[in-house]
Amino acid sequence: MLGMSGGVDSSVAAAVLLEKGYEVIGVTMQLWPDMQEERKEKEGGCCSLSAVDDARRVAQKLGISYYVLNFKDIFQEKVIDYFSQEYLKGRTPNPCIACNRFVKFDAMLRKALSMGIDYIATGHYAKIDFDEQRGRFLLKKSATDAKDQTYVLYTLTQQQLSRALFPIGDFTKESVREIAEELDLCVASKPDSQEICFVEENDYGRYICENTSTEIRPGFFVDLEGNKLGKHKGIIHYTVGQRKGLGNTFGKPMFVVAIKPEDNTVVLGEKKDVFSSELTASNMNFISIPGLTCEMKVKAKIRYSSKEADALISPLNNNRVHVLFNEPQRAITPGQSVVFYKEDEVVGGGVID
Amino acid sequence: MSDRNIYLDHSATTPVRPEVIEAMMPYFNQRYGNPSSIYSIGRDSKKAIEEARQTVAGAIGAQPREIFFTGSGTEADNWALKGAALANQQKGKHIITTSIEHHAVLHTCQYLERNGFEVTYLPVDIDGLITPEQVKAAIRPDTILISIMFANNEIGTIQPIAEIGKIAKEKGIIFHTDAVQAMGNVSIDVEGMNIDMLSMSAHKFYGPKGIGVLYVKKGVKQSYFIHGGAQERGRRAGTENVPAIVGMAKALEIAIANMDNYNQKLTALRDRTIREIEEKIPFVKLNGHRKDRLPGNVNFSFDFIEGESLLLLLDMKGIAASSGSACTSGSLDPSHVLLAIGLPHETAHGSLRISFGEENTDADVDYLMEVLPGIVQRLREMSPLYEAHCKQQETQVTV
């Protein structure tokens with residue numbers, strides 16, 4: 001069962017699987033809650049109605065079965081509600097990780113297995129290898145570093161990895177587009193999707209305001225000592241490291257250093273204050289090793305777009321770890337995930353406290 | 001994938017009868033004239049339309065001038081509601097319908113609500129029935145229209161249309177019925193049943209797609225729906241779909257002539273299937289009224305499993321069935337009909353609609369019953385809900 005978003009990656013994934021001799025069943029997950037008619041019409045992200053049309057056309061072209069499956073309830077609970085809740089707690093979530101963990105590689109996988117289908121596949125840029133020596137499935141970076149998506153896949157368990165296929169992990173984006181053109185797939189030149197798929201115009205603040213019952217209250221910007229600096233429009237509108245859009249002038253460049261839901265304040269500091277050398281993370285999932293038992297040198301990545309940095313990780317109780325970076329890192333953000341690498345292997349990862 | 005192919009979704013659409021295709025064929029490339037033209041080949045087309053109109057009128061006890069051809073059943077519903085609302089708004093702005101209508105009616109009502117009309121959605125009982133008393137109680141001085149479907153597309157329940165028609169007549173309120181599912185399955189007499197407007201669609205009774213009819217009783221105030229020509233007496237302009245109109249009439253003629261035999265055959269298949277599913281599969285619930293239902297309609301909920309997986313697995317075994325309501329993208333939402341008859345949200349996701357038709361046989365039921373219990377069992381074994389249920393049972397037994 002191949003998850004088809006209507007984009008070029010998953011479309012080419014279908015072609016690659018067929019080439020390799022798999023029997024492919026294409027599926028588009030319907031995820032979003034019912035919306036106003038006008039919004040449905042708009043060109044949406046990965047799972048809009050127009051995406052369904054594209055995916056269906058590709059499936060028809062390749063001659064594979066195609067279904068649209070409804071995962072709206074679980075998406076609402078595990079992705080959308082979680083997304084809003086995290087912001088209300090002053091944290092900055094990554095909904096794609098939640099979607100992969102609970103929707104694609106859990107709900108969709110279970111659906112596939114219940115139908116007697118052996119594997120689920122997606123158009124992610126990542127590779128899976130089985131390491132005989134360690135007896136473990138490994139998650140490895142894709143052929144191109146720039147497109148690598150292992151960061152959003154670190155939650156995959158051994159059982160999930162044993163049932164997952166990433167057909168385009170060995171390809172570069174350019175070659176994927178070339179294949180799409182060769183096969184004359186209508187989606188060959190579709191732009192990459194970047195935004196959070198269920199949030200319109202990427203205005204997540206407005207989205208949360210409109211979709212939660214919790215009142216979003218304005219509060220105060222404070223400095224590191226707790227002195228009031230000005231008013232903010234509600235903590236959900238800010239993320240650690242942010243400089244632009246604070247709505248006030250402070251006489252010098254100021255950055256969000258921390259967000260405190262308990263007294264509804266946003267702590268601001270100077271550039272140096274957003275750098276930090278350590279963090280702790282929870283809800284760890286390890287892939288290349290069964291678990292962390294002693295210190296380990298790794299490369300760590302603290303958000304999807306950040307560079308890897310040398311770090312030393314050490315185990316804490318309750319499935320948590322401590323991460324000590326060689327160099328201070330900019331904007332370590334609670335709610336984002338930290339993912340550890342050794343060479344091209346994903347060691348594991350967890351959510352920053 | 002299976003090499004068997006069994007079609008059990010006749011409520012979605014039906015194959016076109018060979019006789020119907022034959023009747024339609026000349027109108028594509030021999031008698032292709034525009035019915036509005038004055039020369040002979042145009043007049044031939046016009047004649048064919050008027051004959052078809054007469055046939056359709058005769059099938060429901062109406063006059064030919066009361067029959068208007070449309071592009072679909074959905075269009076007929078839209079016209080009936082929007083047209084009557086617009087034409088009668090001086091009298092009042094209140095409309096009565098039910099919570100289990102097809103979306104062609106429901107969404108049109110919602111549109112009218114956004115444009116200043118008030119709509120009462122009558123709730124139904126657990127069998128999907130409304131009572132004439134409910135309708136009576138909902139009537140207000142400003143009620144201008146009652147729209148109640150003849151038979152439900154998902155659960156097959158047939159409403160007491162004649163009794164509702166009588167009430168509407170007494171109160172002088174326009175009564176529309178969406179008979180898209182009922183046509184060809186149930187005898188309909190618009191005079192005797194006091195129906196003022198009725199929608200139907202040819203492809204539900206072995207006619208072609210893309211053609212429907214709205215019956216509008218003489219004297220009922222209705223707006224013109226599509227402007228731009230004199231076709232359908234100016235009310236629904238646009239060059240007539242002559243082959244489809246001819247096909248619709250032929251299909252309806254055959255359906256009416258064979259109705260008794262057809263019903264008898266479908267009822268037998270239906271009742272056998274209901275009986276065997278109830279015997280062979282535990283934790284099932286028949287949705288819809290056991291007796292007052294369309295002859296070919298079977299609708300079951302299976303506890304602990306999702307209808308979606310069930311339909312996909314049946315498809316893989318070559319069985320085409322449905323859940324009764326597919327949205328535009330083809331994915332399944334909880335059915336508003338099943339929610340309305342009181343099914344919990346998770347069960348409303350998980351129903352199976354089988355609708356038998358002309359070409360089905362007992363062998364098809366044999367195959368269905370060979371395949372279905374195993375699929376249900378297997379999906380239940382994968383279901384966390386079922387596991388929880390089994391554990392609970394065990395505990396109770398131990399206690």
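In chain A, the centres of domain 1 and domain 2, taken over C-alpha atoms, are separated by 36 Å, the domain bounds coming from an automatic or database domain assignment. This is a predicted model, in which local features need pLDDT of at least 70 and side-chain atom pairs count only at pLDDT 80 or more, while totals for chains, interfaces and linings use all residues. Residues are numbered from 1 along each chain as its sequence is written, and chains are lettered from A and ligands numbered from 1 in the order in which they are written.

**Domains of chain A**

- The assignment divides chain A into domain 1 (2-201), domain 2 (217-269) and domain 3 (275-352).
- Between domain 1 and domain 2 of chain A, the contact takes five residues from domain 1 and seven residues from domain 2, where two residues are in contact if their C-beta atoms, placed from the backbone, lie within 7 Å.
- By class, the side of domain 1 of chain A that touches domain 2 of chain A has two nonpolar, two polar and one charged residues (Ala, Val, Leu, Ile, Met, Phe, Trp, Tyr, Cys and Pro count as nonpolar, Asp, Glu, Lys and Arg as charged, and the others, Gly among them, as polar).

**The four-stranded sheet of chain A**

- Four strands of chain A form an open sheet in the order 9-8-11-10, with mixed pairing; strands (E, at least two residues) and helices (H or I, at least four) are DSSP runs numbered from the N terminus, and two strands pair if DSSP finds at least two bridges between them.
- Strand 9 and strand 10 (255-260) of chain A stand at the edges with a single partner strand each, so one side of each is left without a neighbour in the sheet.
- Strand 8 (residues 219-222) and strand 9 (residues 228-232) of chain A pair in the antiparallel sense over four bridges, with Gly219(A) opposite His232(A) and Val222(A) opposite Lys228(A).
- The hairpin of strand 8 and strand 9 of chain A has five residues between the strands, and in this hairpin Gly226(A) takes a positive phi near 95°.

**Domains of chain B**

- For chain B the assignment gives domain 1 (6-13 + 259-398) and domain 2 (18-257), and their centres, taken over C-alpha atoms, are 30 Å apart.
- In chain B, 23 residues of domain 1 are in contact with 25 residues of domain 2.
- On the side of domain 1 of chain B that touches domain 2 of chain B, the elements giving two or more residues are helix 9, strand 10 (297-302) and helix 11 (336-340) of chain B, and helix 11 of chain B gives the most, with three residues.
- The residues of that side of domain 1 of chain B divide into six nonpolar, 13 polar and four charged.

**The seven-stranded sheet of chain B**

- Seven strands of chain B form an open sheet in the order 2-8-7-6-5-3-4, and the pairing is mixed.
- The edge strands of this sheet are strand 2 (67-70) and strand 4 (118-122) of chain B, each of which pairs on one side only, and the twist averages 20° from one strand to the next.
- Strand 5 (residues 143-147) and strand 6 (residues 174-178) of chain B run parallel and are joined by three bridges, with Leu145(B) opposite Ile174(B) of strand 6.
- Helix 7 (residues 161-171) of chain B lies across strand 5 and strand 6 of chain B, running at about 160° to strand 6.

**Helix packing in chain B**

- Helix 3 (residues 40-60) and helix 8 (residues 242-257) of chain B have axes that come within 9 Å and cross at roughly 30°.
- Helix 3 and helix 8 of chain B are therefore roughly parallel to each other (angles under 35 degrees count as roughly parallel, over 145 as roughly antiparallel, 65 to 115 as roughly perpendicular and the rest as oblique).
- Helix 3 of chain B passes helix 8 of chain B in a left-handed crossing, a crossing being left-handed if the near helix is turned anticlockwise from the far one by less than a right angle, and right-handed if clockwise.
- By class, the contact of helix 3 of chain B with helix 8 of chain B has twelve nonpolar, two polar and one charged residues.
- Helix 9 (residues 259-280) and helix 13 (residues 362-381) of chain B pack at an angle of about 25°, with their axes 11 Å apart, which makes helix 9 roughly parallel to helix 13.
- The crossing of helix 9 and helix 13 of chain B is right-handed, and the contact has five nonpolar, one polar and three charged residues.

Key. Axes fitted to C-alpha atoms, helices over the stretch in contact; angles between N-to-C directions.
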